[in-house]
Amino acid sequence: MSMVCSDKLNEAVNHSYEPDEILKMVNRRIKQSLRQDNKEGSTKDGMEIALLKVNTETKLVKYAGANRFLWIIRKGSLEVEEIKPTKAGIGGYTEDTQDFMCHEIQFGNGDLAYMSTDGYGDQFGGPDGKKLMTKSFKHFLLSIKDKPIAEQEKLSADHINNWKANYEQVDDILVIGLKF
């Protein structure tokens, strides 16, 4: 599935640089490639994704998400702002004509943006063998927000590894952090 999605993303960026248009195109092409229709026996595999277009000069970001959020921590803030995704995945049960919402966000110097797979929050571990959970992940990000981004990378990896300890990793884990 990852290979098909990667291929379709590469095709889509040859036609558009707009995150919402790319997601719509990828959804349609994955459904066509995997022959995902309403017929019995067709695969219902899909993916979740957050996609950004970043203007590094103006710090204007365009974001579109298919069931994956964008978290923002503004410089000096004690809260995580969550930009909601479109509540639809790519492929699977999603309609061929699904539109994805595009958000424009203006960032300032020192603001942070985070995206992640669901694997971080869904990881089992801790003293009771429970999931880390999204709320706990947000608190962790707030606790490291003033550290340099390279140090945040190491702290995030250490945090999840300490959490899971001897538990098996249940899903892919990817966290992307940007500091403006």
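Where is Asp99 found? Select this residue to begin, and you will see that Asp99 sits in the loop between strand S6 (90–91) and S7; helices (H or I, at least four residues) and strands (E, at least two) are DSSP runs, numbered from the N terminus. The model on your screen is predicted, so that local features need pLDDT of at least 70 and side-chain atom pairs count only at pLDDT 80 or more, whereas totals for chains, interfaces and linings use all residues. Residues are numbered from 1 along each chain as its sequence is written, and side-chain values use heavy atoms, with hydrogens and water left out.

**Stop 1: Asp99**

Asp99 counts as partly exposed because its relative accessibility is 49%, where buried means under 20% relative accessible area, exposed over 50% and partly exposed in between (1.4 Å probe, protein chains only). If you display its surroundings, leaving aside residues up to four places away in sequence, Asp99 touches Lys24 and Thr86, contact meaning heavy atoms within 4.5 Å. For a sense of scale, draw a distance from Asp99 to Lys154, which is 55 residues apart from it along the chain: the two C-alpha atoms are separated by 36 Å.

**Stop 2: the three-stranded sheet**

Next, select S2, S3 and S7, three strands that form an open sheet in the order S2-S3-S7 with antiparallel pairing; two strands pair if DSSP finds at least two bridges between them. S2 and strand S7 (103–106) stand at the edges, and because each has a single partner strand, one side of each is left without a neighbour in the sheet. Neighbouring strands of this sheet are turned by 25° against each other on average, direction ignored, axes being lines fitted to C-alpha atoms (for helices over the stretch in contact) and angles running from 0 to 180 degrees between N-to-C directions.

**Stop 3: the four-stranded sheet**

Move on to the open sheet of four strands, whose order is S5-S4-S8-S11 and whose pairing is antiparallel. Its edge strands are S5 and S11, each of which pairs on one side only, and the twist averages 20° from one strand to the next. Helix H3 (residues 134–144) packs on the sheet, touching strand S4 (70–73), S5, S8 and S11, and its direction makes about 35° with that of S4.

Colour S8 separately, for it is mostly covered, with five of its five residues buried. Leu112, Tyr114 and Ser116 on one side and Ala113 and Met115 on the other are all buried, so that both faces of S8 are covered. S8 pairs with S4 in the antiparallel sense over three bridges, with Ile73 standing opposite Leu112, while five bridges join S8 to S11, again running antiparallel, with Leu178 as the bridge partner of Ala113.

**Stop 4: Ile83**

Is Ile83 buried or exposed? This residue, which lies in strand S5 (residues 81–83), is buried because its relative accessible area is 12%. Not counting residues up to four places away in sequence, Ile83 touches Tyr63, Phe69, Leu70, Ile72, His103 and Ile105.

**Stop 5: the pockets**

Finally, show the surface and look for the pockets, a pocket being, on a 1 Å grid over the protein atoms alone, an open set of points where a 1.4 Å probe fits, with protein on both sides within 12 Å along at least five of seven lines; lining residues have an atom within 4 Å of a point. The largest pocket has a volume of about 550 Å³, a volume being the space filled by probe spheres set on the points, which are joined across faces, edges and corners. Of its 20 lining residues, select Met47, Glu48, Ile49, Thr117 and Asp172, which lie nearest its centre. H1 gives the largest share of this lining, four residues.

The second largest pocket has a volume of about 280 Å³ and is lined by 16 residues, of which Gln152, Glu153, Ser156, Ala157 and Val175 lie nearest its centre. Helix H4 (149–164) and strand S11 (175–179) each supply at least two residues of this lining, and H4 contributes the largest share, eight residues.
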